[in-house]
Amino acid sequence: LILGATGSGRKTVVKFAASVCNYEIVESRLWRNWTSQDSIYNNLKRLISRSGIERKKISVLFSEEENHTVQFLETFEQILQSAPTQFFSQEELEKIVQDVRHDALEDGFSSEFDDILNYFNETVRKNFHVLVVMDPNSPYFPERIFEFPVLTHYCTTDYVEPWNEDDWIYACRQRLENEDTYELRIQSSSLSNVLVQ
């Protein structure tokens with residue numbers, strides 16, 4: 001749960017952090033079919049599959065300003081309160097077990113069906129994150145917190161204040177200096193200033 005005033009750079013900070021950690025960011029606002037409970041559910045299910053089977057690091061970025069806030073939070077609440085495997089049919093679970101069996105055995109899990117599903121659940125919890133961006137000054141904020149207690153009970157909450165220019169330059173410089181490319185390291189100071197501007 002990312003809290004901060006609108007315009008404080010909440011999404012920018014989240015995207016920057018995801019980039020540093022090599023996470024793929026999926027913005028629900030860019031998906032035209034994230035408009036109903038079923039479409040949100042199916043999209044999240046597909047992303048959960050990728051994070052568990054392919055071990056892809058995925059973060060879904062959702063902002064309260066979007067039209068389908070309530071539908072998304074209802075689905076998000078189900079995800080947090082259940083194991084990821086609860087969203088799949090028996091046939092889908094059998095396919096998942098088949099796909100991850102080799103990796104599960106390599107990581108020390110037994111070949112039992114339930115144990116392999118436990119491996120899948122653990123992999124999803126490690127690789128799949130939902131980032132909910134909200135403005136505590138919004139008139140809807142108290143209502144959302146009351147209606148969806150998972151936001152306070154199951155989420156890590158970060159408060160984002162506006163960054164000053166020096167912080168942005170420092171963060172960019174640190175990232176660029178860790179790059180393998182010699183030219184990037186040499187130019188990191190000037191590149192950082194350009195990126196911030």
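Predicted model: local features only at pLDDT ≥ 70, side-chain atom pairs only at ≥ 80, totals over all residues.
## Overall composition

The protein chain contains 10 helices and five strands. Of its 197 residues, 42% are buried.

## Helix H2 beside helix H4

Helix H2 covers residues 37-53, and helix H4 covers residues 90-106. Their axes lie 10 Å apart, and the two helices pack at an angle of about 25 degrees. Because angles under 35 degrees count as roughly parallel, H2 is described as roughly parallel to H4.

On the H2 side, the contact is made by Lys45, Gly52 and Ile53. On the H4 side, Glu92, Ile96, Asp99, Val100 and Asp103 take part. By class, this contact has four charged, three nonpolar and one polar residues.

## Helix H2 across helix H5

H2 also packs with H5, here at an angle of about 105 degrees and with the axes 8 Å apart. Since angles of 65 to 115 degrees count as roughly perpendicular, H2 is roughly perpendicular to H5.

H2 contributes Ile48, Ser49, Ser51, Gly52 and Ile53 to this contact, while H5 contributes Phe120, Thr123, Val124 and Asn127. The residues of the contact of H2 with H5 comprise five polar, four nonpolar and no charged.

## The largest pocket

Rolling a probe the size of a water molecule over the atoms shows where empty space is left. In this model, the largest pocket holds about 720 Å³ of space. The pocket is lined by 27 residues, of which Phe128, His129, Val130, Leu131 and Thr156 are the closest to its centre.

Several elements share in this lining. Helix H1 (10-20), helix H3 (69-81), helix H5 (113-127) and strand S4 (128-134) each supply at least two residues. The largest share, five residues, comes from S4. By class, the lining of the largest pocket has 21 nonpolar, four polar and two charged residues.

## The enclosed cavity

The structure holds one cavity of 30 Å³ or more. The space in the largest cavity is about 30 Å³. Its lining consists of Tyr41, Leu44, Lys45, Ile48, Thr75, Ile79 and Phe87.

H2 and H3 are the elements that give two or more residues to this lining. H2 gives the most, with four residues. Five residues of the lining are nonpolar, one is polar and one is charged.

## Val150, a buried residue

Val150 is located in helix H7, which spans residues 150-153. The relative accessible area of Val150 is 2%, and because buried means under 20%, Val150 is counted as buried.

Leaving aside residues up to four places away in sequence, Val150 touches Glu77, Leu80, Gln81 and Cys155. Val150 and Glu74 are 76 residues apart in sequence, yet their C-alpha atoms are 9.9 Å apart in space.

Conventions:
Residues numbered from 1 in each chain as written. Heavy atoms only, no water. Axes fitted to C-alpha atoms, helices over the stretch in contact; angles between N-to-C directions. Parallel < 35°, antiparallel > 145°, perpendicular 65-115°, else oblique. Contact = heavy atoms within 4.5 Å. Nonpolar A, V, L, I, M, F, W, Y, C, P; charged D, E, K, R; others polar. 1 Å grid on protein atoms, 1.4 Å probe; cavity = no way out; pocket = protein on both sides within 12 Å on 5 of 7 lines; lining within 4 Å. Points joined across faces, edges and corners; volume = space filled by probe spheres on them. Buried < 20%, exposed > 50% of the residue type's maximum accessible area, 1.4 Å probe, protein only.
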